[in-house]
Amino acid sequence: MCIKEAVIKRINEICGDRGLAVNKLANLSGITPSTVYSVFYSDRKDIGIVLIKKICDGLEISLDDFFSSEIFDSLDQELI
């Protein structure tokens, strides 16, 4: 799994646990729904840390809480 897939999986995991839809996540994070939806697009190559931080702020979690997940423990090396 690459980092982008892991980030998407983690966002979905947290939103699922909290019963949050993408629009609600966007509102909580102060970003547009289209920006959140764009994270899930396959043609988007990466997700910036600033966007992840805004999502974390909206979820009221730290970056450490976001990345402290087994999802990130065995990622493939990013060579491309």
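The accessible surface of this protein comes to about 5200 Å², and 51% of that belongs to carbon and sulfur atoms; areas here come from the Shrake-Rupley method with a 1.4 Å probe, and for residues only the protein chains shown count as cover. The model is a predicted one, where local features need pLDDT of at least 70 and side-chain atom pairs count only at pLDDT 80 or more, while totals for chains, interfaces and linings use all residues. Residues are numbered from 1 along each chain as its sequence is written, and side-chain values use heavy atoms, with hydrogens and water left out.

Now the overall layout. The protein has five helices and zero strands, so the order from the N terminus is α-α-α-α-α, with helices (H or I, at least four residues) and strands (E, at least two) taken as DSSP runs numbered from the N terminus. Along its principal axes the C-alpha trace spans about 35 × 25 × 20 Å. The radius of gyration is 12 Å, which agrees with the value near 12 Å for a compact globule of 80 residues; this is taken over C-alpha atoms, and the globule rule is 2.2 Å times the number of residues to the power 0.38.

Next, the interior. Of the 80 residues, 35% are buried, where buried means under 20% relative accessible area, exposed over 50%, and partly exposed in between, with a 1.4 Å probe and protein chains only. The largest nonpolar core has 22 residues; such a core is a set of buried Ala, Val, Leu, Ile, Met, Phe, Trp, Tyr and Cys residues joined through side-chain atoms within 4.5 Å. At least two of its residues come from each of α1 (3–18), α2 (22–29), α3 (33–39) and α4 (49–59). The largest share, six residues, is from α1.

Among the residues with the most contacts inside the core is Phe66. Beyond four places in sequence, Phe66 touches Val7, Arg10, Ile11, Ile14, Ile52, Cys56, Ile61 and Phe72, contact meaning heavy atoms within 4.5 Å.

Leaving aside neighbours within four places, Ser69 is in contact with Arg10 and Glu13.

Glu60 sits in the loop between α4 and α5 (63–67). At 74% relative accessibility, Glu60 counts as exposed. Glu60 is not a glycine, yet has a positive phi of about 60°. Most residues other than glycine have a negative phi.
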